[in-house]
Amino acid sequence: MNSGTDARSADRHSAVPTFVVASITTVVSVVAFLDSSVMDLLVRNRPLLESGQWWRAVTPVLVQPDGWGQFAFNLLGTVLVGIAAQRRVGPATWLCAYAIGGVGSVAIYSVWHPADTGGGSSAAVAALIGVLVVTCAVEPDHSPLGGCAQVYAMFFAVYLTALDIGGVGASVVAGNASIVATVVARRGLGVERTSFVVLSMVALTGITMTVLRDDHGTGILIGLAFGILAEIRRRRSTSER
């Protein structure tokens, strides 16, 4: 079998890259939590980046300066959505989407908000969400893992968009409602229809957050692009068999 022919082939079911990225992020994040000087050295800082601290183009993706809650939420997304997405597109596309979604969003956010000194892996997770929802819309995932990843994707997209628009109260209400709605939809509408609804909602929120200069939006859009390219390659390979 041509290794690029079947996007669901057995060699693509390895979750090694997902766990490697999750492990590296965990180690770096915990060290940064324990030593504030490490955190200060790795977070986004455009003036210092431009002065020669080139690593700051990448390292903001590896630390979670907003605390343990941010760390737990992003790590869950990396593992849950990461495994589900990697099974569908393989490690190469997964790594490219994660890296470009994360690092690319750091660069864009630094242009939008040059004085911000934050960080986090959520924009990279957003890219994985983009990949997942496109591929699930084309070929629905009926597995429990796929269902949980879809629920996380909806919560992520709706919660963060509502946070931008209406603040914490609105985000909590909207985020929790999205969880219930996605679970009910999978049971009532079916996995196929729900997958299209999730794709539509994630795409809409990605555009909205990008317009609002939120890097989660750019991460989602980058992921959507990778998901579309992955499906185009899969269809071409299938037609050539």
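I number residues from 1 along each chain as its sequence is written. The model is predicted, so local features need pLDDT of at least 70 and side-chain atom pairs 80 or more, while totals for chains, interfaces and linings use all residues, and side-chain values use heavy atoms without hydrogens or water.

**Largest pocket.** A pocket here is an open set of points on a 1 Å grid over the protein atoms alone, where a 1.4 Å probe fits, with protein on both sides within 12 Å along at least five of seven lines; lining residues have an atom within 4 Å of a point. Points are joined across faces, edges and corners, and the volume is the space filled by probe spheres set on them.

I then checked the lining: 20 residues, with Arg44, Tyr109, Gly119, Asp215 and His216 nearest the centre. (Helices are DSSP runs of H or I, at least four residues, numbered from the N terminus.) By class I noted four nonpolar, nine polar and seven charged residues; Asp, Glu, Lys and Arg count as charged, Ala, Val, Leu, Ile, Met, Phe, Trp, Tyr, Cys and Pro as nonpolar, and the others, Gly among them, as polar.

**Second largest pocket.** Its volume came out at about 210 Å³. Which helix gives the most to its lining? I found α6, with four residues; α6 spans 144-166, and α4 also supplies at least two. The lining includes Asp66, Phe73, Tyr159 and His216, and divides into five nonpolar, four polar and one charged.
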